[in-house]
Amino acid sequence: MSLLTDLMAHSLDAGYAEAHARRRPGEEQHRRGRPRLLLLVGVLAVGLLLATSAAQTRNRASAVAQERDAIAGEIAGRAAQNDRLATALERERARLNTSRRDALRLSDEGQRLTRTLTTLEAATGATAVRGPALVVQLDDARSADAPGADVDPRSGQVAYGRVTDRDLQTVVNQLWEAGAEAVAVNGQRLTALSAIRSAGDAVLVDFRPLSPPYEVVAVGDAPHVRTAFAEGFGGSYLQALRDYGISYSITTRDSVRLAASAGATLRYASAPSGTESGS
Amino acid sequence: MIAVLGLAVGIVAGLFLEPTVPTWLQAYLPIAVVAALDAVFGGLRALLDGIFDDKVFVVSFVANVLVAALIVYLGDQLGVGSQLSTGVVVVLGIRIFSNAAAIRRHLFDA
């Protein structure tokens with residue numbers, strides 16, 4: 001306690017009082033000249049220090065902003081490149097499909113194979129599909145004062161009713177169960193190998209970050225899927241989400257086109273080279 | 001008068017020249033700033049008390065900065081650098097506040 005009291009009571013450097021006491025007899029005479037220069041130098045140093053610190057802080061802030069902009073730009077560029085490549089891939093796939101179909105059309109066996117292939121491709125998400133669809137739209141709670149609002153004690157951010165990866169997983173799985181034949185989330189076609197996950201605050205589908213509102217499109221016998229979904233666990237789950245301020249809507253559309261999945265690639269298997277293929 | 005002029009010239013020079021601070025010195029800059037502010041407020045109060053002394057001002061400024069930097073350096077070597085710099089900021093901050101209070105009493109009689 002005495003340390004604090006001392007600190008409060010004698011905040012002024014004791015040197016001032018001592019110097020003052022020492023000077024008394026000699027009067028104010030020697031205060032011209034050299035000491036003035038000393039003062040100027042000292043005050044100059046103080047000003048320089050303060051200004052340097054301020055300039056330093058400002059520079060650092062702008063450097064950080066620049067870096068962030070550069071990274072954001074790179075992300076946008078790469079994403080655009082990915083999209084271009086995906087479009088090119090889909091075009092090539094379509095060309096491959098047409099030429100395969102042309103080749104298979106020549107025999108009965110081939111025609112049967114084509115039908116099987118078409119069904120399988122649609123089911124696995126390898127090709128685009130079209131058909132009547134049920135659309136479930138989910139959106140984060142509007143404001144921070146939603147019933148589910150909660151403040152993250154570490155970041156201080158308000159984690160209001162956000163749609164999480166778990167919510168989307170449940171909705172998608174319940175749609176499959178209700179009889180959906182092809183499902184896409186925000187245009188990302190889902191396959192048996194798709195993953196709905198989250199990284200930070202973003203929901204990722206097949207490692208692609210999505211932003212709300214989330215639109216789950218399920219192609220199938222729309223009225224039937226709708227009934228089955230609403231009566232099953234999916235319907236009650238959405239009701240429960242509403243308690244957290246998450247809004248949703250379920251609509252049917254007559255015809256929706258879902259693009260092929262971009263993730264349909266072989267990961268481990270590769271085609272054997274040339275001669276072995278027949279054996 | 002000369003002090004205000006010097007301070008202004010120093011600030012303007014710092015803002016325009018933007019001297020680059022070497023990386024190893026950057027950690028001590030915040031502490032140096034607090035120490036400098038302490039010296040400035042102390043000097044201002046001494047001026048109002050009528051006991052200002054150039055030499056004491058300059059020496060206390062330089063010593064404050066050096067001692068504060070030394071404490072933080074020592075703390076860095078011992079692994080308690082951030083805690084010690086917090087301590088330095090608290091102590092100097094209290095001094096700045098009580099000096100500012102004394103200045104206020106001088107200027108406004110309240």
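Leaving aside its neighbours within four places in sequence, which residues is B:Phe57 in contact with?

**Figure 1. Contacts of B:Phe57 in a predicted model.** The structure shown here is a predicted model. Setting aside neighbours within four places in sequence, B:Phe57 touches residues of chain A and of chain B. From chain A come A:Tyr16, A:Leu39, A:Gly42, A:Val43 and A:Val46. From chain B come B:Ala39, B:Val40, B:Gly43 and B:Phe52.

**Figure 2. The largest nonpolar core.** This core has 30 residues. B:Phe57 is among those with the most contacts inside it, along with A:Tyr16, A:Leu49, B:Ala46, B:Phe52 and B:Phe61. Two helices of chain A, α2 (14-23) and α3 (34-104), each give two or more residues. The top contributor is α3(B), with 9 residues.

**Figure 3. A nonpolar surface patch on chain B.** The patch covers about 710 Å². B:Val67, B:Leu70, B:Ile71, B:Tyr73, B:Leu74, B:Leu78, B:Val80 and B:Leu84 make it up. Helix α4 (residues 54-78) of chain B supplies the largest share, 6 residues. B:Val67 lies in this helix. Its relative accessibility is 46%, so B:Val67 counts as partly exposed: the value falls between the 20% limit for buried and the 50% limit for exposed.

**Figure 4. A:Arg242 and A:Leu138.** A:Arg242 belongs to helix α7 (residues 233-242) of chain A. A:Arg242 counts as partly exposed because its relative accessibility is 44%. In sequence, A:Arg242 and A:Leu138 are 104 residues apart. In space, their C-alpha atoms are 10.0 Å apart.

**Figure 5. Chain A as the setting for these views.** Chain A has 7 helices and 8 strands. Of its 279 residues, 29% count as buried. Among contacts in chain A with a separation of 6 or more, 72% join residues 24 or more positions apart. The chain exposes about 18100 Å². Carbon and sulfur atoms supply 56% of that area.

**Figure 6. Confidence along chain B.** The mean pLDDT of chain B is 85. A value of 70 or more is reached by 99% of its residues. Confidence in chain B is highest in helix α3 (residues 29-49), at a mean of 87. Confidence is lowest in helix α2 (residues 23-26), at a mean of 80.

Technical notes:
Residues numbered from 1 in each chain as written. Chains lettered and ligands numbered in written order. Predicted model: local features only at pLDDT ≥ 70, side-chain atom pairs only at ≥ 80, totals over all residues. Heavy atoms only, no water. Patch = residues over 30% accessible without salt bridge, like charges linked within 9 Å, V, L, I, M, F, W, Y side chains within 5 Å. Areas by Shrake-Rupley, 256 points an atom, 1.4 Å probe, with all protein chains shown as cover. Salt bridge = Lys/Arg side-chain N within 4 Å of Asp/Glu carboxyl O. Helix = DSSP H or I, 4+ residues; strand = E, 2+ residues; numbered from the N terminus. Buried < 20%, exposed > 50% of the residue type's maximum accessible area, 1.4 Å probe, protein only. Contact = heavy atoms within 4.5 Å. pLDDT = per-residue confidence, 0-100. Core = buried A, V, L, I, M, F, W, Y, C linked by side-chain atoms within 4.5 Å.
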